[in-house]
Amino acid sequence: MVHYELALILRALPKADLPKALQAATTVVLQQGGVIQQMQNLGERTLPYRMNAHGEKFTEGRYMLLRVNASPRVAQTMHTKLRGCRDVIRASMLKMDNV
């Protein structure tokens, strides 16, 4: 398995709705055979520029950082499916060299 760092920008949701959005995103990772090693909430922030996703425009979002182990083929599928999640504004996956 290869180590990846997955950066997610989620909709700016009330704290009560955050677990549901995280569950949707992490379920995609787990269903594709990935293993989540670490999850870090970086907080809610104003986006550096207005982002369009799912036919909406966003100016604020919640930043999350996940460390994931997955095969390269699974990682590509996982990234594509995450971009389709309604609560995910942006998903970026980076391969980690030495973890």
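This is a predicted model: local features need pLDDT of at least 70, side-chain atom pairs count only at pLDDT 80 or more; totals for chains, interfaces and linings use all residues.
How many bridges join strand 2 to strand 3? That question opens my presentation, and the answer is 13, between two strands that run antiparallel.

Residues are numbered from 1 along each chain as its sequence is written, and side-chain values use heavy atoms, with hydrogens and water left out.

Helices (H or I, at least four residues) and strands (E, at least two) are DSSP runs, numbered from the N terminus. Two strands count as paired if DSSP finds at least two bridges between them.

Four strands form an open sheet in the order 2-3-1-4, with antiparallel pairing. Strand 2 (35–53) and strand 4 (88–95) stand at the edges, and each has a single partner strand, so one side of each is left without a neighbour in the sheet. From one strand to the next, the twist averages 20°; axes here are lines fitted to C-alpha atoms, for helices over the stretch in contact, and angles run from 0 to 180 degrees between N-to-C directions.

I return now to strand 2 and its partner, strand 3, which covers residues 56–70. His 54 is found in the loop between strand 2 and strand 3, and its phi is near 55°, a positive value in a residue other than glycine. For comparison, most residues other than glycine have a negative phi. His 54 is partly exposed, with a relative accessible area of 29%. On this scale, buried means under 20% relative accessible area, exposed means over 50%, and partly exposed lies in between (1.4 Å probe, protein chains only).

Leu 42 also lies in strand 2. At 34% relative accessibility, Leu 42 counts as partly exposed. Leaving aside residues up to four places away in sequence, Leu 42 touches Tyr 63 and Leu 65, where contact means heavy atoms within 4.5 Å.

Next, what of strand 1? Seven of its 10 residues are buried, and strand 1 is thus described as mostly covered. Strand 1 is joined to strand 3 by 10 bridges and to strand 4 by seven bridges, and both pairings are antiparallel. On the strand 3 side, Glu 5 stands opposite Arg 67, and Ala 7 stands opposite Leu 65. On the strand 4 side, Leu 8 has Ala 91 as its bridge partner.

I turn now to the helices. Helix 1 (residues 18–31) lies across strand 1 (2–11), strand 2 and strand 3, and runs at about 115° to strand 2. Helix 2 (residues 72–84) lies across strand 1, strand 3 and strand 4, and runs at about 165° to strand 4.

How do the two helices pack against each other? Their angle is about 155°, with their axes 9 Å apart. Helix 1 and helix 2 are therefore roughly antiparallel to each other. In this scheme, angles under 35 degrees count as roughly parallel, over 145 as roughly antiparallel, 65 to 115 as roughly perpendicular and the rest as oblique. The contact is made by Ala 25, Val 28 and Val 29 of helix 1, together with Met 78, Lys 81 and Leu 82 of helix 2. By class, this contact has five nonpolar, no polar and one charged residues. Here Ala, Val, Leu, Ile, Met, Phe, Trp, Tyr, Cys and Pro count as nonpolar, Asp, Glu, Lys and Arg as charged, and the others, Gly among them, as polar.

Thr 77 is partly exposed, with a relative accessible area of 31%. Thr 77 and Val 35 are 42 residues apart in sequence and 14 Å apart in space, C-alpha to C-alpha. Thank you for your attention.
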